[in-house]
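Hi,

Here is the structure I said I would pass on. Have a look at it first, and then read my notes below.

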Amino acid sequence: PINILGNTLLTEIEKIKNKLNIQETEQKGTQKGFKFEDYCQPILEEIAKVHGDTVEKTGDKKGEIDDKGDFVWTVTDLEKKIVIEMKDVQDLSLPEIKAQLNGGMANRVAEYGILVSKQKSALPKQVGFFNEYDNNKLVIALGNELEDEPLHDDLLRVAIGWARTKLKQSSGEAVDIDTAKIQTKIQNVDEKLGSLSVIKRKCDSIEKT
């Protein structure tokens with residue numbers, strides 16, 4: 001009887017292991033195994049349609065200097081460009097971020113630059129996950145593809161809207177934008193995401209137990 005029970009338990013454990021492996025594969029499938037820029041490309045294209053703008057993937061094309069600048073966004077009515085850098089790395093310093101964006105803007109003849117980090121943890125703490133520098137560089141983080149995916153479209157939409165508004169302002173158009181209010185709202189989102197992450201870790205712990 002003990003042997004039968006032991007074998008039954010081992011069989012059930014093996015079933016659970018197989019199920020977890022399948023779930024892990026499904027999660028990896030959700031991440032699609034794409035490069036980060038491939039993941040973001042359809043989101044950017046949908047946003048561009050709304051504005052009547054164009055966005056082109058340029059990471060594999062030589063610009064004025066080299067291949068810096070993963071995407072070039074053209075604001076149609078202004079005939080001005082935004083360069084977008086996608087980063088899926090473990091660590092980025094603020095000088096590196098600025099250098100990357102300066103290089104991308106020079107290479108693609110753009111007047112504004114956006115750096116999008118796949119993970120907030122890769123950015124310096126003082127950057128957070130949405131911050132502007134030098135009045136022409138915006139740094140944002142999307143977060144985990146699986147946990148925060150519903151927010152990705154909105155964060156990219158806000159980032160593009162922010163950059164377009166800044167370009168309109170620099171062109172002399174009267175555009176009313178309360179940047180302080182936007183920053184406060186985004187900070188609130190950041191805090192809620194932190195609470196959500198804690199809840200998720202606890203749920204994961206319960207599930208494993």
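Predicted model: local features only at pLDDT ≥ 70, side-chain atom pairs only at ≥ 80, totals over all residues.

A contact here means heavy atoms within 4.5 Å.

Residues are numbered from 1 along each chain as its sequence is written, and side-chain values use heavy atoms, with hydrogens and water left out.

How confident is the predictor? pLDDT is its confidence in each residue, from 0 to 100. The protein averages 82, and 80% of the residues score at least 70. Over residues 25-33 pLDDT stays under 50, and the model has six contacts beyond four places in sequence for that stretch.

Back to Ile 82: it is among the residues that touch the most other members of the largest nonpolar core, along with Leu 44, Trp 73, Ile 84, Ile 114, Val 116 and Leu 156. That core has 41 residues. By nonpolar core I mean a set of buried Ala, Val, Leu, Ile, Met, Phe, Trp, Tyr and Cys residues joined through side-chain atoms within 4.5 Å. Buried means under 20% relative accessible area, exposed over 50%, and partly exposed in between (1.4 Å probe, protein chains only).

Now the sheet. Helices (H or I, at least four residues) and strands (E, at least two) are DSSP runs, numbered from the N terminus, and two strands pair if DSSP finds at least two bridges between them. Six strands make an open sheet in the order β1-β2-β3-β4-β6-β5, with mixed pairing. β1 (54-57) and β5 stand at the edges with a single partner strand each, so one side of each has no neighbour in the sheet. β2 (residues 71-75) and β3 (residues 80-87) run antiparallel and are joined by five bridges; Val 75 has Lys 80 in β3 as its bridge partner.

Is it buried or exposed? Five of its five residues are buried, so β6 is largely enclosed by the rest of the structure. Lys 137, Val 139 and Ala 141 are buried on one side, and Leu 138 and Ile 140 on the other. In a regular strand the side chains alternate between the two faces of the sheet. β4 (residues 112-117) runs parallel to β6, with five bridges, and Ile 114 stands opposite Leu 138. β5 pairs with β6 in the antiparallel sense over four bridges, and Asn 131 stands opposite Val 139. The two form a hairpin with three residues between them, and Asp 134 in the turn has a positive phi of about 60 degrees.

Finally, the aromatic rings. Rings of Phe, Tyr and Trp (its six-membered ring) pair if their centres lie within 6.5 Å; planes under 30 degrees apart count as stacked, over 60 as edge-to-face and the rest as tilted. The whole structure gives one such pair. Phe 130 and Trp 162 have ring centres 5.3 Å apart and planes at 75 degrees, so they are edge-to-face. Both residues are buried.

Cheers

Terms used:
pLDDT = per-residue confidence, 0-100.
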